[in-house]
Amino acid sequence: MNPFSQLHELPRQLRHPAVRDLAWTLLSAPLLQHVDCLQRHPLSASTWAHTPGLLADWLSLQDQDSSTLEQYLARSHHHRLGLYYEQLWQFALHAAPGVQLLAANVAIREQGRTLGELDLLLRDAEGEHHVELAIKLYLGPQQAAGSAPANWLGPGRQDYLERKLKHLCQHQLLLSSSPQAQALLGNWRVQRLQAELWLGGYLFYPWPGHCDMPSGAHPQHLRGAWLTRQAWPAFTQQQGGRWLVLPRSAWLAPARASKAESLSLLELNHWLAQLDPQATPILLARLEVDGHGEWQEVQRLFLLADTWPLEALER
């Protein structure tokens, strides 16, 4: 499913933040291994997939000179995480040998009403593909069954895993077979289109306690922890290292920072004391120094209000 699993440590070796995000986007495992629709890595039929070292070399070159990537990203004025994730994929697909990116964000309309967008149209040695991309972070339940995707909530409680999968499989992937989409596909000489998804992100498990992984989860999915403000003192008694507060723009690749850029636990606790107890979820990274003297992320966690998830999403 992921042709680049042997390169999973590469993002930590890169220095430029956007290049680290680019590498993370291409190399990390998907959230799920088994879904009710087709999941396929967008680079599966690329030359890079057959020779992963070529992709590693290309990413290293971007890290040495990130100006082309920075210029590409600067073309967009949107700051949503999902759009950033899509841009990173688009940048890589333009460069990928053996893959032709035909179009991105193709709006499908009917009588002036937008029905949706096709994230990517690709052509490669295995055919022509409509690919839907998603980057998601979900928090598992403390009390209910973790195996049920319906019990995994997004940090903003506006979303949950089961709903996202249904939307992807029963709406977004079907859009390319609609009459409205079929009328447009001739513009790219597309004849037989395969509809597929790629779902990246992290799953966060409650602390303290235990939660089963959701049904169908990829065995190498990326994971973190979540806990409430009330549980924070007990949690930090077991932890060393330094800390970063991660803005949404830094939710992809593992964090890397100098000692001056990070916080001691005392400094972090002082910062947290100034926050409203009902503040929105905060994503934190715990850092430890590696063998080269660099502070690298070793754990990430959401810190939540004590009322979580009492105000859970109505379904």
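**Entry 1: the model.** I am working from a predicted model. I kept that in mind for each entry below.

**Entry 2: disulfides.** I began with the cysteines. How many disulfides does the count come to? I got one disulfide. Its partners are Cys-37 and Cys-169, and their sulfur atoms are 2.0 Å apart. That is within the 2.5 Å cut-off for a pair of cysteine sulfur atoms.

Next I looked up where the two partners sit. Cys-37 is in the loop between α2 (17–27) and α3 (47–50), while Cys-169 belongs to helix α7 (residues 161–172).

I then checked the handedness. The torsion about the S-S bond of Cys-37 and Cys-169 is about -45°, so I noted the disulfide as left-handed.

Buried or exposed? I looked up both partners, and Cys-37 and Cys-169 are each buried. I also looked up Cys-211. Its relative accessible area is 8%. Buried means under 20%, so Cys-211 goes down as buried.

**Entry 3: aromatic pairs.** I turned to the rings. Searching the whole structure gave 13 aromatic pairs. I took a look at Tyr-85 and Trp-89, whose ring centres are 6.5 Å apart. Their planes stand at 90°, so this pair is edge-to-face.

Both residues lie in helix α6 (residues 81–95). Tyr-85 and Trp-89 are four residues apart there, which puts about one helical turn between them. Tyr-85 has 1% relative accessibility and counts as buried. Trp-89 has 0% and also counts as buried.

I went on to Trp-251 and Phe-302. Their ring centres are 5.5 Å apart and their planes are at 85°, so I logged this pair as edge-to-face. Where do Trp-251 and Phe-302 lie? Trp-251 is in the loop between β6 (242–245) and β7 (256–257), and Phe-302 is in strand β9 (residues 295–304). The pair therefore ties together parts that are 51 residues apart in sequence. Trp-251 and Phe-302 are both buried.

Entry 4: Which aromatic residues form one cluster with them? I listed Trp-24, Tyr-202 and Phe-204 alongside Trp-251 and Phe-302.

Last, I looked at Tyr-202 in that cluster. The charged end of Arg-300 sits over the Tyr-202 ring, 4.2 Å from the ring centre.

Technical notes: Residues are numbered from 1 along each chain as its sequence is written. This is a predicted model: local features need pLDDT of at least 70, side-chain atom pairs count only at pLDDT 80 or more; totals for chains, interfaces and linings use all residues. Side-chain values use heavy atoms; hydrogens and water are left out. Helices (H or I, at least four residues) and strands (E, at least two) are DSSP runs, numbered from the N terminus. Buried means under 20% relative accessible area, exposed over 50%, partly exposed in between (1.4 Å probe, protein chains only). Rings of Phe, Tyr and Trp (its six-membered ring) pair if their centres lie within 6.5 Å; planes under 30 degrees apart count as stacked, over 60 as edge-to-face and the rest as tilted. A charge sits over a ring if NZ of Lys or CZ of Arg is within 6 Å of the ring centre and within 35 degrees of the ring normal.
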